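Let's walk through this structure together, one side chain at a time. Keep the model open beside you as you read.

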Amino acid sequence: MSKSASKVMTVRTASGIARKGRQVVPALAIALAASLSGCANRDSVTVGSIPDDYRTTHPIVIAEKNQKIDLPVGAGDRGMTGAQRDALLGFLDGYDKSAAPALTIAMPAGSANEVAARAAGRDFARLAMKAGVKRDRIVMTSYQSAVPEASAPVRAAFVAVRAQTDKCGRWPDDLTETSDNKHYADFGCSYQNNLAAQVANPNDLIGPRKQSEIDAENRGAVIDVYRARGISDEFLGNSEVTY
């Protein structure tokens with residue numbers, strides 16, 4: 001045994017003669033040191049943290065989104081047309097009257113249809129007020145037309161809270177690179193976008209709504225129909241619910 005693993009100890013006997021011996025270091029300490037030395041030179045391995053779930057790569061978020069519609073106006077039009085009226089009313093169906101965001105009606109300036117667009121814009125504002133938009137929440141503005149010779153549309157816009165996700169069409173890698181057996185970057189994006197577009201109330205994704213009150217009259221009518229279906233007395237007698 002080496003000197004590093006033991007130490008000299010002097011013992012005196014009853015006769016006074018000194019004797020030298022060696023005290024053995026416990027074997028447990030040696031085994032522990034050996035195990036630690038074996039782990040000293042190991043290489044660390046980093047596990048990839050790239051998500052492979054489309055709900056993680058394309059999450060549905062609830063945020064403000066600019067809702068807009070461009071209404072084409074002809075240079076010879078005099079006021080709002082029937083097609084413009086129907087299109088604007090359909091657009092205003094998504095306007096939240098309780099939140100009452102500002103409705104902006106932007107008319108082109110310097111375009112071939114500038115006069116007709118201003119007349120149509122005033123009609124759009126009157127129609128919006130009839131649809132429930134407050135007068136003080138309507139903002140009339142103008143924008144410079146990029147092409148003076150062309151007819152530019154009148155744009156109506158408001159901000160609303162919507163469920164949405166990122167844009168699709170992201171292809172950073174080659175689709176043939178499948179050695180990792182993972183989804184491609186755009187996988188599930190269209191599905192998430194379609195699901196977000198179908199949600200009428202984005203707050204439903206946050207939590208359930210308050211339970212509505214029971215319609216006692218309708219419940220009584222349903223029970224009467226249930227009783228009138230000719231259900232046997234044996235079934236009614238064994239039922240856990242009695243009326």
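Begin with Phe158, which is buried, at a relative accessible area of 2%; buried means under 20% relative accessible area, exposed means over 50%, and partly exposed is in between, with a 1.4 Å probe and protein chains only. Tyr95 is buried too, with a relative accessible area of 6%. Before going on, note that this is a predicted model, in which local features need pLDDT of at least 70 and side-chain atom pairs count only at pLDDT 80 or more, while totals for chains, interfaces and linings use all residues. Residues are numbered from 1 along each chain as its sequence is written, and side-chain values use heavy atoms, leaving out hydrogens and water.

A pair of aromatic rings is described by how far apart the centres are and by the angle of the planes. Rings of Phe, Tyr and Trp (its six-membered ring) pair if their centres lie within 6.5 Å; planes under 30 degrees apart count as stacked, over 60 as edge-to-face and the rest as tilted. By this rule there are six aromatic pairs.

One of them joins Tyr54 and Tyr191: this pair is edge-to-face, with 5.8 Å from centre to centre and 90 degrees between the planes. Because Tyr54 lies in helix H2 (residues 54-57) and Tyr191 in helix H5 (residues 189-198), the pair ties together parts that are 137 residues apart in sequence. Helices (H or I, at least four residues) and strands (E, at least two) are DSSP runs, numbered from the N terminus. Are these two tyrosines buried, partly exposed or exposed? Tyr54 is partly exposed at 26% relative accessible area, and Tyr191 is partly exposed at 49%.

Now return to Tyr95 and Phe158. Their ring centres are 5.3 Å apart and their planes stand at 80 degrees, so this pair is edge-to-face. It links distant parts of the chain, 63 residues apart: Tyr95 is in the loop between helix H3 (82-92) and strand E4 (103-109), and Phe158 is in strand E6 (residues 154-164).

Ring pairs link Tyr54, Trp171, Tyr184, Phe187 and Tyr191 into a cluster. The charged end of Arg55 also sits over the ring of Tyr54, 5.9 Å from its centre; a charge sits over a ring if NZ of Lys or CZ of Arg is within 6 Å of the ring centre and within 35 degrees of the ring normal.

Arg55 leads us to the salt bridges. A salt bridge is a side-chain nitrogen of Lys or Arg within 4 Å of a carboxyl oxygen of Asp or Glu, and the structure holds six. In one of them, the side chains of Arg55 and Asp53 meet at 2.9 Å, N to O. Arg55 is exposed, with 53% relative accessible area, whereas Asp53 is partly exposed at 25%. Another salt bridge joins Glu114 and Arg118 at 3.8 Å, N to O. These two are four residues apart in helix H4 (residues 114-130), so about one helical turn separates them.

Finally, look at H5 from both sides. Cys189, Gln192 and Ala196 are buried there. They cover an arc of only 65 degrees around the axis, so they lie on the same side of H5; the arc is that of the directions from the helix axis to the C-beta atoms. On the other side of H5, Ala197 and Gln198 are exposed. The buried residues of H5 pack against H2 and E6, where contact means heavy atoms within 4.5 Å.
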